[in-house]
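Dear colleague,

I am handing over the structure below, and my notes on what was found in it follow directly after. Please read them with the coordinates open beside you.

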Amino acid sequence: MALQQGFADPVHDAQGVFRAALEGLSRPALIRSLPTKVAPPPPLTPELAALALALADADTPLWLDPPLAASEAVAAFLRFHTGAPLVSNPAEAVFAIIADPQNAPDFAAFAQGTPDYPDHSTTLILALGHLESGTGHAFSGPGIKGVARLDAAPVPADWQERLGTNHAGFPLGIDLILTAPGRIAGLPRSTRLLQPAEV
Amino acid sequence: MYVAVKGGEAAIDNAHRLLAQARRGDPAVPELDVAQIREQMGLLVDRVMTEGSLYDPDLAALALKQARGDVVEAVFLVRAYRTTLPRFGAALPVETGAMAVARRISATFKDMPGGQVLGPTFDYTHRLIDFALAAGGDPEPAAEAEPDSDAGQCPRVTDILGAAGLLETSPPEDGAPVGDLTREPVDYPADRALRLQALARGDEGFVLALGYSTQRGYGRTHPFVGEIRFGKVGIEFVPEELGFPVPLGAAALTECQMVNQFHGSGAVPPQFTRGYGLVFGQSERKAMAMALVDRSLRAAELGEAIVSPAQDQEFVLAHCDSLQATGFVEHLKLPHYVDFQAELELVRRLRAEHAALHEKVETPIREAAE
Amino acid sequence: MALAGAATLAELRDAMAAACLAEEAQDLRAPETGLVMTRGRIGGDGRAFNLGEATVTRAAVRLPSGETGFAYHLGRDRPKARLAAILDAHWQAPERRAAVEAALSGIVARREQEAQAHARRTAATRVNFFTLVRGED
């Protein structure tokens, strides 16, 4: 088994990635840097791998999208380094790792939480090619002073509709962590996508 | 009025230094070694492991040394330590039928395969202080005997009785997720698995008193000890990356099967029902008490009236944890100056109002009373 | 792997030396202490429930010759876990398997001896009932 190494310094590397994810979700649509030296088997990107290693453990089932699930090396890497069970039903996942965001399943397929425990929902971690703040869609909500703009690509064709539906279900819904090479941004369910007329 | 106060830092530091000295005691007396505690205070170590909910004899022994022998404080230390560690996952359920038995007795069946094996027990001792122990010295070596051919094959007594249909069977494995109260808050009603987890880590004194209360009539369950066994059991774990069971080693456990008379209900014919206890180490009293309370908490399931504390799962589960209990009780000694100031002002105002009211009506009432 | 868990660190060091095995290995996962939730079954044979956690230490290594080895055992002994993983990796190589097993045979013998002594001491406390009076007479 040719297993790739995980974090070189497990404690501090995991803390750094956790901090980036925490700040990403508390200041939505604002980009943070996410430097990582993890070299996972493709199509798992270094950012997806770093987040999985920092966030997942035996108590957090992972769902992998079809391109990732097709790779035995990716499954072995994640199993070894996180100990997380891999599940085929997205509604059972605490984290969904998505390498092909354009074809991501509808958000409703994932766990939405319950009125008593809205936190029992899936957090989606997406690997994008392009992530830029200051341009693109406008967002508002907790953690955003006024309006923040975030341009993300590639995304599903019905991206705006999905974000709108997800926000409308608050406090239920999914949270999104978006990554691009060296970057991370968060779009939690509390963040509202603004229509052009609102800006 | 809110007054922020600060201070006491030097006093706290010095109090902790004094604690360290008090812990050490008279320096003329040799210091206790952790291994000595582990080996010679074994039952205390077992209790800390059980209530600390962490199997690690060396760690429990160290916690006891640090806590100056205070069980609840040692439990606190062990519980705090475990929060610093990642969890790799859950082990496969232990197979207590395959236990390397060091003790195994039944109060209901005299002759059973594998026999009645007393092992190291206080039972049948005279409870006379042994002053010879004060002088120290090696004990007489343990007796040895050739094991019988059936030794080591000790089927659970409940399996024997169960085969005749007189005893209810255990609730079958249904593959449902196993609730974990250290991960999710307890919702009531809690299922039996969750109740057993709470009882296993519950305070021995509290669980013992509840078990005792059922015997005295507060939710009577007519119990008999079907079997108590103590010994080492292999623990197996399936690491996610390997996908096959890996033996982690053996842990000492005590298991108690309580058998209870049951008159039957509309749905269930008369039969014996069961209560179950399982704890770390040799903790027989705790395992028995746990089995009694497990059975009494099944009142709703078995159609029994819930009239006593030991049958009330919210009462039992919410109060059985020694750490939670001590945290809430002991927090009262922390500074409450501001809260109390507010109460003081309230009571003064109420007294003033009370006095004003009575001044008006006091005279006629007094006259009437006289 | 079971054997290495029951062995002491000194015994594993002796086994490595006896089998002339190199300790050189790359850490796939540095030795790490964590928790495993132990479980019982309701009634001994029914539905599972969580009994309490146990400390467990694990390690994973790769030898220069390519074999990987794992170790998982109760307790907090990290050097022992790493050594056990190295022994496990050597055992994976068919040409070294016999040497590893031979080197561990002393541990097997010690464990066997201890188990027998335990069984003999336990057997001495087994109750042999004899009937005094039969009630129905």
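In this predicted model, helix 2 of chain C passes helix 3 of chain C in a left-handed crossing. The axes of helix 2 (residues 9-18) and helix 3 (residues 78-92) of chain C come within 9 Å, and they cross at roughly 30°. On the side of helix 2 of chain C, the contact is made by Leu9(C), Leu12(C), Arg13(C) and Met16(C), while helix 3 of chain C contributes Pro79(C), Lys80(C), Leu83(C), Ala84(C), Ile86(C) and Leu87(C).

Helix 2 of chain C also holds Asp14(C), which counts as exposed because its relative accessible area is 52% and the cut-off is over 50%. Between Asp14(C) and Arg39(C) there are 34 Å in space, C-alpha to C-alpha, for a separation of 25 residues in sequence.

Elsewhere in chain C, a nonpolar patch on the surface is formed by Phe130(C), Leu132(C) and Val133(C), which together have about 430 Å² of accessible area. Of these residues, Phe130(C) lies in the segment after helix 4 (94-123) of chain C, and Phe130(C) is classed as exposed because its relative accessibility is 66%.

Turning to chain A, helix 2 (residues 46-55) is mostly covered, with 8 of its 10 residues buried. The buried residues of helix 2 of chain A are Glu47(A), Leu48(A), Ala49(A), Ala50(A), Leu51(A), Ala52(A), Leu53(A) and Leu55(A).

With best regards

Definitions and conventions: Residues are numbered from 1 along each chain as its sequence is written. Chains are lettered from A and ligands numbered from 1 in the order in which they are written. This is a predicted model: local features need pLDDT of at least 70, side-chain atom pairs count only at pLDDT 80 or more; totals for chains, interfaces and linings use all residues. Side-chain values use heavy atoms; hydrogens and water are left out. Patches are made of residues with over 30% relative accessible area and no salt bridge: like charges are joined within 9 Å, nonpolar side chains (Val, Leu, Ile, Met, Phe, Trp, Tyr) within 5 Å. Accessible areas come from the Shrake-Rupley method with a 1.4 Å probe; for residues, only the protein chains shown count as cover. A salt bridge is a side-chain nitrogen of Lys or Arg within 4 Å of a carboxyl oxygen of Asp or Glu. Helices (H or I, at least four residues) and strands (E, at least two) are DSSP runs, numbered from the N terminus. Buried means under 20% relative accessible area, exposed over 50%, partly exposed in between (1.4 Å probe, protein chains only). Axes are lines fitted to C-alpha atoms, for helices over the stretch in contact, and angles run from 0 to 180 degrees between N-to-C directions. A crossing is left-handed if the near helix is turned anticlockwise from the far one by less than a right angle, and right-handed if clockwise. Contact means heavy atoms within 4.5 Å.
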